Amino acid sequence: MSNGRVFLRSIVHCSSPLLHLCLMASLSAALTTTTVPLAGHRFPKSLVLKRVPATDVPYIAEMEGASYPADEAATPESLAFRQSNAGEFFWGCYPDDDTKPIGFVCGTLTKDETLTHDSMGTHEPDGSSLCIHSVCVGAECRRHGVASAMLRAYSKAVTSPSASPTVQRILLIA
């Protein structure tokens, strides 16, 4: 995959008070491109979904801590573990100028077909079930369809046969 990037184009299209979120995907072995109308004038014209580098994990940990109750938020150590051991499943949504991420999705693989406490606490590289641990968007970017667009693009990217042939199912705690 070229630079591990999925491009999200922000196109404001709103003909009523209800915001319309449309996802059009075009997958290829080299690059996954997704065009997503993202509502809200505070967003850059272009967002990039890409793998999170280790240098951004502390910022991601702050976002996680601010987004989940203390007893549910992943620790900085568990996020660092996921990034270093399951980096192909740890993606962030960045403005096109590559500043700090405005959101992220992370997961790990398991051999189990259902989510269990044990399956959520490890990464089995030869597993076929992707357990999504976090779908998180910074407070200032919420309620504009970013998380939905990010999750859809992420799902397409990680299940593409060229990107990750092992993922047969995605498991998400609702």
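The exposed residues E77 and S84 sit on the face of α2 that is turned away from its buried side. The model examined in these exercises is predicted.

### Exercise 1

Determine which residues of helix α2 are buried, and what covers them.

**Solution.** 
1. Helix α2 spans residues 76–85, and its buried residues are L79, R82 and Q83.
2. These residues cover an arc of only 95 degrees around the axis, and therefore lie on the same side of α2.
3. The opposite face, turned away from the buried side, carries E77 and S84, which are exposed.
4. The cover over the buried residues includes α1 (57–67), β5 (90–95), β6 (103–110) and β7.

### Exercise 2

Locate H133 and state which side chain makes a polar contact with the side chain of H133.

**Solution.** 
1. H133 belongs to strand β7.
2. Its relative accessible area is 16%; because the limit for a buried residue is under 20%, H133 is classed as buried.
3. The side chain of R82 is the partner, in a polar contact of 3.4 Å with the side chain of H133. R82 is itself among the buried residues of α2.
4. Leaving aside residues up to four places away in sequence, H133 touches R82, C106, G107, T108 and M120.

### Exercise 3

**Solution.** 
1. A disulfide is a covalent bond between the sulfur atoms of two cysteines.

### Exercise 4

Describe the place of G138 and decide whether G138 is buried or exposed.

**Solution.** 
1. G138 is found in the loop between β7 (129–137) and α4 (146–159).
2. With a relative accessible area of 8%, G138 is buried.
3. Not counting residues up to four places away in sequence, G138 touches M63 and I102.
4. A66 is 72 residues from G138 along the chain, whereas their C-alpha atoms are separated by 8.3 Å.

Terms used
Residues are numbered from 1 along each chain as its sequence is written. This is a predicted model: local features need pLDDT of at least 70, side-chain atom pairs count only at pLDDT 80 or more; totals for chains, interfaces and linings use all residues. Side-chain values use heavy atoms; hydrogens and water are left out. Helices (H or I, at least four residues) and strands (E, at least two) are DSSP runs, numbered from the N terminus. Buried means under 20% relative accessible area, exposed over 50%, partly exposed in between (1.4 Å probe, protein chains only). Contact means heavy atoms within 4.5 Å. The arc is that of the directions from the helix axis to the C-beta atoms. A polar contact is a pair of N or O atoms within 3.5 Å; within protein, one must be able to donate a hydrogen and the other to accept it, and residues adjacent in sequence count only if both atoms are side-chain atoms.
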